[in-house]
Amino acid sequence: AIADLKELEYISALHQTGKNLRTDASIRADDIAKFLMSRYGIKVTEDEVTETIAKGFGGGGLSEDDGDTIDLTEIVSILLIPTLLKAEMSLHRNHLEREAITSKNSTGERPSIHNDKSGNDVWASLSGRPRALVGEERWPDYDLIGFVLNMILADVTGDDEPKPMTVDLLKKIFVFYGEHDVAENENLLKEMISVASCMKNADEEEGADADPTLNQFTFAHCLTDDVRRYDVKSENSLSTNFSDVFEQDGEQDHSLTVTTGESDSRKVKTVWTAPAVDYAVDTFRSRSYVTLLWVNWALFFYVYMSGNSGDLGQLNCSNDVSIDVSTPSGFACSIAQGIVNWLLIMAKLVILGACSVLFCSMGHSVTPSSPLMIVLSVLSMGCICVITFVPAFMQDKLLTSGEDGGALVNTERDEKDGDQIFLIYVMVVFGILLLLLALQNFIERIIPARYLDTMPFLKKIISSGTVKMESYMKQASSFKMNQMIRNARAIHAVAEFEHGADSSSSKESSYGRALLAFNKKAETLEEVGGCCWTWKRMWNRKLYTEDGIWLNNRMVQGNVGQLVLCLYLIPFLQYVLGLLELFYESFLVDIAPARWRILVPLALAFTLSEFNALKLATSYTPSSVRTTLNFRSGMIGSLHNQEFQKVRHRVDDASFIFGAMFWGCLFSSILILIVSLLIFGLICFEPFLPIFLQVIATIIGIGITIMSKTIFLMFVRSKIHKRAYYRSNPAASNIIGVILDAWSLGITTLYILKRMVFLLFASFIFVGRIDIPFLAEGADHVGPMTLDMFPIIFRKDLLMHEAHRHPYLERIGVMYMLKLRHGDGFGTAAGTSWRLLFTFALLPWFRKYRIRSDDNIDVEKFKFSQDSAAFKDFVSAKAGGLRGRQSLATVKETEDSNDEDTEEQKTIASLKKKIESLMEENDMLKMMGGTEEQSVLPPKAVIPSPPSIAT
């Protein structure tokens, strides 16, 4: 449960767009407007967001000053919408099945109780199999709503029996949970009751003035009545979230219809976002297509454009051999020529590279099909042929200049080395794969969507990879929310077990007991991540459908480039061996060493270099997943961590990642190759053999000495230094310490040499690792300068994708869009208030982030309830935000002046029991607050000791 809280804090940190993070986790209208623009290209103003999304999902009790704000508790209530809809379905299905069991027909057969009018099983249609009522991974248990309602009624009224739903009852409920401003809003309370009016049971009193009964069915109806436009089946559909909202019933509307009344409506336009090259949200059609396209361009530049460009870009002064570089004029000419050379390289990469990628990407997005998109798809196939097949089979020079025959693009094979010929074949293979993916895109666009919907197998084959990944994110959001609910129920079960009916605190409320249990569970850890764990979950797709990990495309491009580099080392080795053969065929063969003395070091060095490149290529994905999970679980701080500010700015630095991964792997492999070749070459060099054997003998001698020392210390430690830092025999320990200090003065030479070698080799390897820092925190800072910025850049790209593609934000985005499209027809203040009650009862630990207005609360009307201390003390851990916070959970009960028996029925005996219960709970909280275990909790999660409770 603590990880769930930390993940929602992380979501808030991602969602916020201000210069500084608001550590109260609130979301403002400008944050929502910028999210909708960046993620979906939906253009709405802050006022429109305030009038629709914030007004409907922001709760009914906020003051006008806070009308544009959604707090973390309200975010949770938004995320619960699909879960509550499914929970209501499970509840009714369970009820119908129980009736079917007890009411057989005359033939003794039970009627079908979960088929629709067409005879189809509604629940089976969602996953292709009958759905269980308990234990489903993405489906809540049937008793969830009843479980929460029983807690609310028991806490407020003293028992969990259904009660007539009156304004007074709702007032008591909201006041009990500290929502005093909502309790004073009688219009909102009457609106909440009106939602339930259509759910009266058949045996209830008929009549216009009869109040509905607050039972589990009425509660379920109130929780979901205003959000039924959400289609639960869309979670398993092969579609995007945008199409689920705006292309329902076969429509393809690119504008948002926001309903402001029964007949009045307005349209909010969407803007073109260049989705085919959107590498922040990954709205292109296929990750494989984009990855192959970029790697192919990198190879194209290296093979065809990195050679001699002739006189292109050459200054007159640089061609004059008489100019001395050591003179001022010659040095200035060299500087000018260097600037021109790099400007020329920039022009090649920007003009030719960007144009080729843009043209080849035309039509390759997840936007709906149209005649224009079909034409663009065909044109993209031609562009693919131009940059893959044409250079491979047509030998020519483009833009030649100079007497030496230099050219901007040179495709002639005669001037290519063997390793470059190999890369040409690789580009041809890439071209074939790109054409197949482009053909797949073309087929999908020319086949009508209605026909594809009737053929699921064909649709699955030709569907976009991005659409499949987005459908996985929808499944992951259901899985994660269901896990959050089950974690919460587990907390309540532990609380009931420890402070249940058999304990002296049995009369305390469920949320008070749950907060105590939540604090005890805060230290529970689960080990996840790792290389094997990640690749296994990628294979069975649980990494996507359960963990909701969206792998950023730049990292995938870098991985593919590193794998190509691994393959490139093989022909490069053949090229080196060919040069070696020419060397031994020359006149120098008489003075050359034996051939094996060169081949053996060369083979070993290339093996280590190949292993290093392969290790780098397979390490980035597990590392990225581990970093993402650390952010989500709070192991790496976000909302309350000042270091998180560094990764929120200059996110365009992510463009360095592809090149840094490719060249980093290349340079790392070259360093490993050169150093290994030198070491193994010296070992195999005949004159060095006596020195090498002497070094080995010295190492063996020192090793045996160190082993003897280790055995001696194992014996000594068991006698004089058994436990931690305290000695059982100080005198003997001091004498042995002097001996060890004198001894270590000599043998530490080997340790330092070993450390130096290991650090050097580690630095060679970490040249290619930009995903994790090599230097310790603080060691990479020299004054205001950071020595290694690439780990921060890597996290920027990772978090940029999380801010758009996290499963929770995907679900929140769907609710935002539904609210924009349907206006008051989706997500009302009354419905939000009902869902907030559900959140308060089931997830009370989120109340510390509840933002309310204190201006409209008359605290003189209320008194403390028996559980106020536990909750009051929990939320007193300030988030340090910039916004006002609800006064410390003063869970109070209104004094009902009309109820004359309230005070009269209280006896001295009951007062004594309540006082004893409060004192016992206070002592328990003091003991819990003063333990040293709190020091291991994450920042802002430590619950301080409560003050004494006034009785």
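Mentor: Let us begin with a definition: two residues are in contact when heavy atoms of theirs lie within 4.5 Å. The model before us is predicted, so local features need pLDDT of at least 70, side-chain atom pairs count only at pLDDT 80 or more, and totals for chains, interfaces and linings use all residues. Residues are numbered from 1 along each chain as its sequence is written, and side-chain values use heavy atoms, with hydrogens and water left out.

Trainee: With which residues is T839 in contact, leaving aside its neighbours within four places in sequence?

Mentor: T839 is in contact with T73, V76, S77, L80 and P844. Its place is in helix α31, residues 829–842. Helices (H or I, at least four residues) and strands (E, at least two) are DSSP runs, numbered from the N terminus. By this reading, the protein chain has 34 helices and 12 strands.

Trainee: Is T839 buried or exposed?

Mentor: Buried means under 20% relative accessible area, exposed means over 50%, and partly exposed lies in between, with a 1.4 Å probe and protein chains only. T839 has 0% relative accessibility and therefore counts as buried. Of the 951 residues of the protein chain, 47% count as buried.

Trainee: How far apart are I851 and T73 in sequence and in space?

Mentor: They are 778 residues apart in sequence, but 8.6 Å apart in space, C-alpha to C-alpha. I851 lies in the loop between α31 and β11 (862–864), and at 2% relative accessibility it counts as buried. For the protein chain, take the contacts between residues at least 6 apart in sequence: 75% of them join residues at least 24 apart.

Trainee: Which residues does K709 contact beyond four places in sequence?

Mentor: K709 is in contact with L740, W743, S744 and I747. K709 and L740 are 31 residues apart in sequence and 9.1 Å apart in space, C-alpha to C-alpha. K709 belongs to helix α27 (residues 689–720) and is buried, with a relative accessible area of 15%.

Trainee: How is the crossing of α1 and α4 to be read?

Mentor: Axes are lines fitted to C-alpha atoms, for helices over the stretch in contact, and angles run from 0 to 180 degrees between N-to-C directions. Angles under 35 degrees count as roughly parallel, over 145 as roughly antiparallel, 65 to 115 as roughly perpendicular and the rest as oblique. The axes of α1 (residues 2–15) and α4 (residues 72–79) come within 11 Å and cross at roughly 100 degrees. That is why α1 is roughly perpendicular to α4. At this contact, L8, E9 and S12 of α1 meet L72, I75, V76 and L79 of α4.

Trainee: Which residues meet where α7 and α8 are in contact?

Mentor: The axes of α7 (residues 144–157) and α8 (residues 167–176) come within 10 Å and cross at roughly 90 degrees, and the two helices are therefore roughly perpendicular to each other. I152, D155, V156 and T157 in α7 meet L169, K172, I173 and F176 in α8.

Trainee: Which residues touch the most other members of the largest nonpolar core?

Mentor: In soluble globular proteins, nonpolar side chains tend to be buried together. A nonpolar core is a set of buried Ala, Val, Leu, Ile, Met, Phe, Trp, Tyr and Cys residues joined through side-chain atoms within 4.5 Å. The largest one here has 136 residues, of which L36, F219 and W834 touch the most other members. Beyond four places in sequence, W834 is in contact with M165, L170, M192, L214, F219, C222 and L223. Another core, of 44 residues, lies apart from the largest one and includes V295, V409, L423 and L437.

Trainee: What is the phi of A25, and where is A25 found?

Mentor: A25 has a positive phi of about 70 degrees although it is not a glycine. It is found in the loop between α1 and β1 (27–28), and at 0% relative accessibility A25 counts as buried. R650, also not a glycine, has a positive phi of about 55 degrees; R650 is exposed, with a relative accessible area of 58%.

Trainee: What is the average pLDDT of the protein chain?

Mentor: The pLDDT is the predictor's confidence in each residue, from 0 to 100. The protein chain averages 77, and 75% of the residues score at least 70. Over residues 60–65 the pLDDT is below 50, and it stays under 50 over residues 853–906. Where pLDDT is low, the predicted coordinates should not be read in detail.
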